Amino acid sequence: MPRFLLLVSIALLMSLPARAGIDVRVKGLGPDERDNAYAKLSILEFAKRTDADKGHYDQADVERLFRQGEREIQEALRPYGWYNATVTMKLSGSAPDWVAEYRVDAGPLTAISTIDIELTGEGAEEAALVRYRSRTWPLKLGERIKHEDYEALKTRIVQTAYSLGLLDAKLTRRELRIDVPNNAAEVLLTLDTGRRYYFGDVTIVQDGDKLLRDAFLRRYLTFEPGEPYDPAKVLSTQFAFSDLDYFQTVDIESRKDEATDASPRIPMVISTTERAPRSYRFGLGFGTDTGPRASVGADFRRLNTLGHKLRTDLRVSQRISTVVAEYRIPVGIVPSDSVSITSQALTQDFSDVKETLYRIGTSYNRRGKRWQRRIYLEYTFDEYTIKDSPRRQSKLLVPGISIDHTEGDDPIFPRAGWYAFVDAHGGSTALLSDTNFVQGTVKLRGLLELHRSLQLRVRADQGATWVGSFDNLPPSQRFFAGGDGSVRGYSFQSLGPRDANGRVIGGRYLTTASTELDWFFLREYGIAAFVDAGGADDTPLVALSLGAGLGVRYRAPFGAFALDLAHPFDADQSPVRLHLGVQVGL
């Protein structure tokens with residue numbers, strides 16, 4: 001019976017009438033030129049329209065449009081620098097089915113033989129940089145002329161003039177001459193520069209109750225009165241004021257109409273509206289590493305007229321609790337540059353270690369073109385026990401430096417990017433520390449978009465410590481592995497060297513790595529497969545523990561909620577361990 005139904009289905013399909021239409025084929029071109037040719041062909045548009053209207057093809061119309069295709073393809077190639085193309089055409093079939101085939105030989109390219117840019121007007125002398133910067137422009141002598149690059153060149157010339165303060169500049173000659181027989185192109189442009197404008201006096205208007213000192217805000221101007229007017233500097237100043245985090249809005253008005261022939265200076269007015277001087281944060285959650293947790297924090301954006309800030313955070317959980325206060329003083333001319341004074345109290349109970357730590361420190365924070373740098377000095381007092389051992393104390397005065405950089409297209413849900421962090425610090429018995437030590441840490445994160453819904457996550461951490469007396473080094477300066485952000489399948493901080501009684505005491509060296517594949521089959525929902533490896537040890541060649549598993553992901557507004565089931569490969573562990581957490585950014 002099933003075979004009979006299959007034969008009947010095939011017979012019915014064969015009895016259906018074949019779909020009529022015009023099959024248009026263009027061969028011999030690159031992808032861009034071919035796409036433009038298809039877009040220009042009237043016969044293809046005619047076929048689509050007739051199919052949609054379920055109409056009939058007229059023989060005369062098909063043949064006329066087919067012949068017209070030669071000229072249309074040639075016109076489609078000219079913007080790409082092909083002015084002597086030849087087209088071989090073939091129309092086969094009959095009503096209602098045709099195959100229209102065009103074989104194209106683009107011919108010799110049309111090369112640029114002349115680029116002539118003339119400068120006239122009052123600012124012609126100052127605009128000499130226009131010619132100098134032409135070395136980076138899209139058109140080069142001897143290369144194929146492309147209309148898109150020609151249009152880009154015109155735009156770039158005017159933009160360059162604006163950046164030199166020539167706000168009245170305009171192109172009075174715009175000629176692209178094509179010598180078709182000789183396959184040559186001439187680019188002829190004349191820029192009338194007009195007069196040059198300069199930045200004038202700057203007025204800063206603040207709308208709000210908590211006003212900042214005018215001199216303090218002027219540190220973040222990226223232009224000065226008397227400099228040639230540059231729209232890019234106006235925009236960078238607006239960004240700088242916004243990045244200060246004091247203002248809800250920042251508007252900059254260039255009053256060009258107030259400039260005169262005698263004084264071509266443009267007065268600048270910066271108007272701001274303040275953000276709320278205080279903000280608060282609250283949170284509840286649960287993590288495998290921490291257990292139930294709650295947090296509360298407050299930001300005081302403007303403590304005085306010099307823009308000093310205060311940030312406080314209290315986080316309480318089953319295993320780790322901490323309170324932090326940071327007083328930040330802006331310095332320099334970059335919004336993120338500052339000097340911080342920080343105090344912290346922390347208690348944690350994980351694996352075989354219980355610890356209470358108090359820290360006070362100061363740091364200088366500076367952002368370069370790519371890397372954020374932090375130079376710091378911290379004093380810590382540490383009390384800890386390692387599973388029923390006597391309580392110990394540690395005092396450390398720790399100078400250090402760290403650098404980091406994040407590259408990504410979204411701070412919460414990036415599709416691709418990377419993150420790097422490097423830190424080096426140490427202490428000495430000659431400078432108020434209980435032991436001599438130097439420690440270095442490197443953290444790397446990477447995210448690669450394999451497909452629109454498929455991502456590859458990788459991470460690696462490496463740490464090393466050189467220490468005189470390891471027994472005097474507190475747990476906060478030792479390396480442990482295991483947990484959500486380390487080796488899944490093992491409990492938090494459970495991997496590391498053990499003492500004679502089997503207690504995990506931490507190690508001098510750390511190595512962890514992970515590879516994870518995330519597939520978001522729906523916009524908010526996804527699944528993950530991962531392999532983790534890592535451990536802490538007293539030798540540089542760290543003994544690694546392995547974990548692997550599967551997980552689910554849900555994209556919430558604050559980050560991706562992650563639920564993982566991980567299998568550890570060490571025989572003394574439970575077969576499966578559940579991990580809960582939130583992924584934010586990289």
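Is strand 6 (residues 184–192) largely enclosed by the rest of the structure or exposed, and how many of its nine residues are buried? The views below come from a predicted model, in which local features need pLDDT of at least 70 and side-chain atom pairs count only at pLDDT 80 or more, whereas totals for chains, interfaces and linings use all residues. Residues are numbered from 1 along each chain as its sequence is written, and side-chain values use heavy atoms, with hydrogens and water left out.

**View 1. Strand 6 and the two strands that pair with it.** Seven of the nine residues of strand 6 are buried, so this strand is largely enclosed by the rest of the structure; buried means under 20% relative accessible area, exposed over 50% and partly exposed in between, with a 1.4 Å probe and protein chains only. Helices (H or I, at least four residues) and strands (E, at least two) are DSSP runs numbered from the N terminus, and two strands pair if DSSP finds at least two bridges between them. Strand 4 (residues 111–120) runs parallel to strand 6 and is joined to it by nine bridges, with L119 standing opposite L191 of strand 6. Strand 5 (residues 170–179) pairs with strand 6 in the antiparallel sense, also over nine bridges, and here R173 stands opposite T190. The hairpin of strand 5 and strand 6 has four residues between the strands, and N183 takes a positive phi near 55 degrees in this hairpin.

**View 2. The aromatic pair of F199 and Y229.** A search of the whole structure finds 12 aromatic pairs, where rings of Phe, Tyr and Trp (its six-membered ring) pair if their centres lie within 6.5 Å, and planes under 30 degrees apart count as stacked, over 60 as edge-to-face and the rest as tilted. The ring centres of F199 and Y229 are 4.8 Å apart and the planes stand at 40 degrees, so the pair is tilted. This pair links distant parts of the chain, 30 residues apart, with F199 in strand 7 (residues 198–207) and Y229 in the loop between helix 7 (214–218) and helix 8 (231–243). Both F199 and Y229 are buried.

**View 3. An aromatic cluster and charges over rings.** One aromatic cluster is formed by F216, Y220, F241, Y246 and F247. A charge sits over a ring if NZ of Lys or CZ of Arg is within 6 Å of the ring centre and within 35 degrees of the ring normal. K309 lies over the face of Y246, at 4.8 Å from the ring centre, while elsewhere the charged end of R488 sits over the ring of F530, 3.8 Å from its centre.

**View 4. The largest cavity and its lining.** On a 1 Å grid over the protein atoms alone, a cavity is a set of points where a 1.4 Å probe fits but cannot get out, a pocket is an open set with protein on both sides within 12 Å along at least five of seven lines, and lining residues have an atom within 4 Å of a point. Grid points are joined across faces, edges and corners, and a volume is the space filled by probe spheres set on the points. The structure holds two cavities of 30 Å³ or more, and the largest has a volume of about 80 Å³. Its lining includes I412, F413, Q455, D518, R553 and Q583, and strand 20 (454–467) and strand 23 (545–556) each supply at least two of the lining residues.

**View 5. The second largest cavity.** This cavity has a volume of about 40 Å³, and among its lining residues are Q206, D207, T272 and R302, together with Y246 and F247. Y246 and F247 also belong to the aromatic cluster. Strand 7 and strand 9 (265–274) each supply at least two residues of the lining.

**View 6. Strand 23 between its antiparallel partners.** Strand 22 (residues 525–537) is joined to strand 23 by 10 bridges and runs antiparallel to it, with A548 of strand 23 as the bridge partner of V531. A further antiparallel pairing, again of 10 bridges, joins strand 23 to strand 24 (residues 559–568), where L565 is the bridge partner of L550. Strand 23 and strand 24 form a hairpin with two residues between them.
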